[in-house]
Amino acid sequence: MRLSSRRRWLGAAVVIALAATLTACSTGPTTNAGSSACDNPTSGIPLADLELTAHPRDLTGPATACIEDPDIEPITDDAESQLPVTVVDNQGTEVTITDTSRILALDMYGSLAATVFALGLGDQVVGRDTSTGFPAAADLPLVTQNGHELSGEAILDLAPTVILTDSTIGPWDVILQMRDSGIPVVVLSPERNLDNIDDLVTGVAEALGVPDEGVALNEKLATDLSTTIADIAAITPSDPADKVRIMFLYVRGNAGIYYLFGEGSGADSLISSINAIDVATEIGWKGMRPMTAEALVDAAPDVLVMMTKGLESVDGIDGLLERIPAVAETPAGENRRIVDMSDYEIMSFGPRTADVLDALARAVYAPGDSTD
């Protein structure tokens with residue numbers, strides 16, 4: 001489980017700003033992380049059978065991207081860890097794991113816990129972070145407070161035998177405290193995009209002593225992703241002039257925080273995978289950076305993609321237009337073309353990524369009877 005130092009530092013740089021932002025502006029932990037299913041007028045209809053316009057850039061009105069089934073399907077029902085196992089984690093630390101009966105998998109995106117459940121070890125997970133809220137995990141006790149702030153006391157109360165985490169969640173002193181208490185802590189890459197899902201799965205599987213399940217899960221996810229991306233490409237414009245121009249806007253209105261996600265943020269790979277143009281990358285926007293009105297207007301997006309709680313934090317589309325007047329100067333603002341998706345799904349690269357792409361494609365290209 002060795003990743004290059006270049007990838008480690010790239011991933012850390014990409015996520016550190018967002019991690020700080022989420023922690024700073026959170027309104028506190030929730031009892032359910034928000035992955036419940038939402039109404040989708042096209043659920044159950046194959047992408048190829050959707051009624052599509054020949055000019056998707058001309059669509060108007062908002063839509064919500066919904067995963068039809070937000071839960072995690074395990075690759076096997078009888079996974080059994082082969083222990084002990086020693087791995088070298090993303091920070092170059094050698095870690096030996098002898099017991100996986102009580103697992104904590106903690107990160108800003110909920111990716112790690114979702115991967116543990118997908119590997120068939122969900123019954124051994126004893127707690128969750130605030131980003132982990134798919135149905136099978138929603139009732140687990142929280143070990144985070146004030147958003148993504150780890151609570152050492154809450155973690156120790158659960159007596160975990162192994163902790164999987166990354167540098168997107170902290171404070172780091174709590175991680176060091178867990179190590180000092182004798183709990184094996186495996187730090188994985190913070191990078192999240194379509195290109196490193198297999199690395200993440202492999203890292204989690206090796207640390208938990210189920211490498212064969214990791215191989216099987218990676219094969220399934222690769223097939224699901226390639227099929228979904230091909231299905232989307234088959235129903236969407238091939239001429240660049242007709243492709244939908246999308247920008248990912250991260251908002252926390254209660255804290256006055258407005259970020260644009262560009263190249264290397266992960267949002268760029270989501271947008272390109274639904275055969276659309278990431279206009280933030282087009283204007284040279286790197287990573288996750290505070291929004292400027294000039295950049296927003298210059299990018300001229302047809303669609304703004306947002307996290308659901310972010311849109312709620314500015315009181316919906318009317319509030320967004322009031323707080324950020326530059327939005328109204330874009331085609332997306334003029335046409336109220338805002339696509340929102342659950343905060344706990346849209347950037348959760350891992351077992352649900354194919355479903356995320358499918359849901360985004362439906363919301364962008366076939367919003368159906370979605371209303372404001």
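How many bridges join strand E9 to E13? In this predicted model, strand E9 (residues 245-252) is joined to E13 by 3 bridges, and the two run parallel. Within this pairing, Phe248 stands opposite Val305 of E13. Strand E13 is also joined to strand E14 (residues 338-341), here by 4 bridges and again in a parallel arrangement. The bridge partner of Leu304 in E14 is Ile338.

Burial is taken here as under 20% relative accessible area. Because 5 of the 5 residues of strand E13 (residues 303-307) are buried, the strand is largely enclosed by the rest of the structure. Both of its faces are covered: Val303, Val305 and Met307 are buried on one side, and Leu304 and Met306 are buried on the other.

Attention now turns to another sheet. This open sheet consists of 3 strands in the order E4-E7-E8, with parallel pairing. Its edges are formed by strand E4 (103-106) and strand E8 (185-187), each of which pairs on one side only. On average, neighbouring strands of the sheet are turned by 15° against each other, direction ignored. The pairing of E4 with strand E7 (residues 162-165) comprises 4 bridges in the parallel sense, and Ala105 has Leu164 of E7 as its bridge partner.

Helices pack on this sheet as well. Helix H2 (residues 111-118) touches E4 and E7, and its direction makes about 135° with that of E4. Helix H4 (residues 172-180) touches E7 and E8, with its direction at about 140° to that of E8.

Methods. Residues are numbered from 1 along each chain as its sequence is written. This is a predicted model: local features need pLDDT of at least 70, side-chain atom pairs count only at pLDDT 80 or more; totals for chains, interfaces and linings use all residues. Side-chain values use heavy atoms; hydrogens and water are left out. Two strands pair if DSSP finds at least two bridges between them. Axes are lines fitted to C-alpha atoms, for helices over the stretch in contact, and angles run from 0 to 180 degrees between N-to-C directions. Contact means heavy atoms within 4.5 Å. Buried means under 20% relative accessible area, exposed over 50%, partly exposed in between (1.4 Å probe, protein chains only).
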